[in-house]
Amino acid sequence: MNLTVTLLNTFVVVAVGAILTFLTNDRFRLLRREMTELKSGIARLEARLDAGIAAVRSDIVQVALAVGAKRDAAQG
């Protein structure tokens, strides 16, 4: 009798674990996909910011040269 109860409890625990794994597997897959999309979005935003900063820096250099500022030899 005691062995039967132990086997039944073991079966129930394994069955519940399998059901929970099955139900949560899709959610983790979806979460991984969303995180990948977020990483690519951040990379695109970073590239746009870098390009914008480079453009602003170029404009500032052009304005400085137009007003007669000399380029510092240390900056190269």
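The bend at a residue is the angle between axes fitted to the seven residues ending there and the seven starting there.

**View 1. The kink in helix α1 is centred on T24**. This is a predicted model, where local features need pLDDT of at least 70, side-chain atom pairs count only at pLDDT 80 or more, and totals for chains, interfaces and linings use all residues. Residues are numbered from 1 along each chain as its sequence is written, and side-chain values use heavy atoms, with hydrogens and water left out.

**View 2. Helix α1 runs from residue 2 to residue 66**. Helices (H or I, at least four residues) and strands (E, at least two) are DSSP runs, numbered from the N terminus. With 65 residues at 1.5 Å each, α1 should span 96 Å, and its end C-alpha atoms agree, being 93 Å apart; the expected span is 1.5 Å times one less than the number of residues. After α1 comes G68, with a positive phi near 100°.

**View 3. D26 and R29 form a salt bridge**. Here a side-chain nitrogen of Lys or Arg lies within 4 Å of a carboxyl oxygen of Asp or Glu. The N to O distance is 3.1 Å, and both residues sit in α1, three residues apart, about one turn of the helix. D26 is partly exposed at 48% relative accessible area, and R29 is partly exposed at 41% (buried is under 20%, exposed over 50%, partly exposed in between; 1.4 Å probe, protein chains only).

**View 4. L8, F11, V12, V16 and L20 make a nonpolar surface patch**. The patch covers about 490 Å². Patch residues have over 30% relative accessible area and no salt bridge, with like charges joined within 9 Å and nonpolar side chains (Val, Leu, Ile, Met, Phe, Trp, Tyr) within 5 Å. Areas come from the Shrake-Rupley method with a 1.4 Å probe; for residues, only the protein chains shown count as cover.
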